[in-house]
Amino acid sequence: MQTFYSDDHRLHHANAELNNGQLMPCFEKPSRADMVLEQVKRTGLGPISEPQDFGLAPIKRVHDPKFVDFIQQAWERWSALGREHDMLPLAWPPRRMPARCPEDIDGQLGYYSFDAGAPLTAGSWQAIYSSAQIALSAQAHLCAGAKSAFALCRPPGHHAGIDYMGGYCYLNNAAIAAQAMLDQGANKVAILDVDFHHGNGTQDIFYQRPDVLFTSIHGDPLNEYPCFAGYADERGEGTGLGYNHNYPLPAGSDWSIWSQALRDALRQIAGFGADYLIVSLGVDTYLADPISSFKLDSPDYLKMGELIAGLGLPTLFVMEGGYAVEEIGINAVNVLTAFDATV
Ligand code: OKP
Ligand code: ZN
C-alpha cells in the first residue's frame, strides 16, 4: 500500500488545549504522525510519496469558500494586531441568537468554530492545506487503479463541517477526497469512520445526500465528545435520508462489542453499492488512549483491517485521531498490513 505524507504537518504545533478545565499540552501533536510514518517504514508497508498540489478548488467543493479563505488568512490578520499566542475562539452563537458573521477576527473565529479545540498558529495553514493535498493525492492514486492507499494526514479532519472547524480538525480530508472521487466519475462513495469520536463534520457535509453513505462507530454522545451529534437516530435528511448510520457505543466497549457494530456497518456499505470506500482511520479506540474510553487492543486492529478488506472495495485510508503516541503507529499500520494481506 502506498503512503502519502508531508513533513509540513510539523508546522502545526499549538501550545495548549483545555481538558478537564485545565490548560494542558495539546494531545494532537507532531510526534503522532512521526510515529505512524516510522511504523510504515519499519514494516515496509510500501512506497512513501509527497503529495501533489491540487489547489483550493477541490477543498471548496465541500467547504464554504469563505470559511476556507478565513482559515488561510487568519494568522496574518491575528498577528497584524500584535498577537503572538495561538488563536482560540471565545464566543459562539447559542440557540436563538441571529448568528450573523461579524467583521472582527475574534467574532469570526467563533463563527467558524464549534469549540475551542482547533487552535491556529503561524504554520497551521500550510499544515492544514498539505493534509488535504495528501488526502487528494492518495485519492488520485486510488482512482488511477490502486487497490488501496494511505493518506497520513495531520491535522485530522472528521470534525470539520461545511463551514466550521473544531476538535483538532480544520478541513475535512476524508470528505474532500470523497467529493473528488465523485467529481472524477464515481457514482457512490462509502465512508466508514472508526475513530473513537463521532465524525460530526463528515456527517454534516453529506447529511442531505444519497451519493455518499456515512457510517460511524463511536463513543455515545450522551457521554462523549463531540457531545452534540452521533446518535443512532440521525439517519440523514431529504434525499439523504437512510444514508447516514451512527453506532454509538458505551464506554469500555471492547472488540467483541465494537466488532458487532463494524459488521453491521460493513453490511450497510456492502448493500450500498459504492465504487470506493474511505476509512476515517482513528486509532483512539485503543485501550490506553488518554482521551477515549474504548478497549481495543493492538491485535484487534489486524482483525479490523481484515474485515474491512472483506468488502472487496478499493479503499482509501485517511488518518484521523489516536493519542497514545507510543502505540499509534503499531495500531494504524496493523489495520493497513492486515488489509493488504487479505485483498
Ligand atoms: C479529535 B479526533 C477531552 C475533550 C475532547 C477534543 C477531542 C477531539 C478528538 N477531554 N477534546 O476525533 O480524534
Ligand atoms: Zn477521535
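In this predicted model, the shell around ligand 1 has 4 nonpolar, 7 polar and 3 charged residues. The shell numbers 14 residues, of which Asn19, Gly167, His197, Tyr225 and Gly321 come nearest to the ligand.

The chain as a whole contains 10 helices and 10 strands. Its C-alpha trace extends over about 55 × 45 × 40 Å along the principal axes. Because a compact globule of 343 residues would have a radius of gyration near 20 Å, the 18 Å of the chain agrees with that description.

An unreviewed UniProt entry lists residues 28-336 under "domain: Histone deacetylase".

Two packed helices are described by the angle between their axes and the distance between the axes. For helix H5 (residues 124-143) and helix H6 (residues 173-183), the angle is about 35° and the axes are 9 Å apart. The crossing of H5 and H6 is right-handed. The residues through which the two helices meet are set out below.

| Helix | Residues in the contact |
|---|---|
| H5 | Ser131, Ala132, Ala135, Leu136, Gln139, Cys143 |
| H6 | Asn173, Ala174, Ile176, Ala177, Ala180, Met181 |

By class, the contact of H5 with H6 comprises 9 nonpolar and 3 polar residues, with no charged residue. The shell around ligand 1, by contrast, includes 3 charged residues.

Definitions and conventions. Residues are numbered from 1 along each chain as its sequence is written. Chains are lettered from A and ligands numbered from 1 in the order in which they are written. This is a predicted model: local features need pLDDT of at least 70, side-chain atom pairs count only at pLDDT 80 or more; totals for chains, interfaces and linings use all residues. A residue is near a molecule or strand if its C-beta atom, placed from the backbone, lies within 6 Å of it. Ala, Val, Leu, Ile, Met, Phe, Trp, Tyr, Cys and Pro count as nonpolar, Asp, Glu, Lys and Arg as charged, and the others, Gly among them, as polar. Axes are lines fitted to C-alpha atoms, for helices over the stretch in contact, and angles run from 0 to 180 degrees between N-to-C directions. Helices (H or I, at least four residues) and strands (E, at least two) are DSSP runs, numbered from the N terminus. A crossing is left-handed if the near helix is turned anticlockwise from the far one by less than a right angle, and right-handed if clockwise. Two residues are in contact if their C-beta atoms, placed from the backbone, lie within 7 Å. UniProt positions are given in the numbering used here, feature names are shortened, and annotations may be inferred rather than shown by experiment. The radius of gyration is taken over C-alpha atoms; the globule rule is 2.2 Å times the number of residues to the power 0.38.
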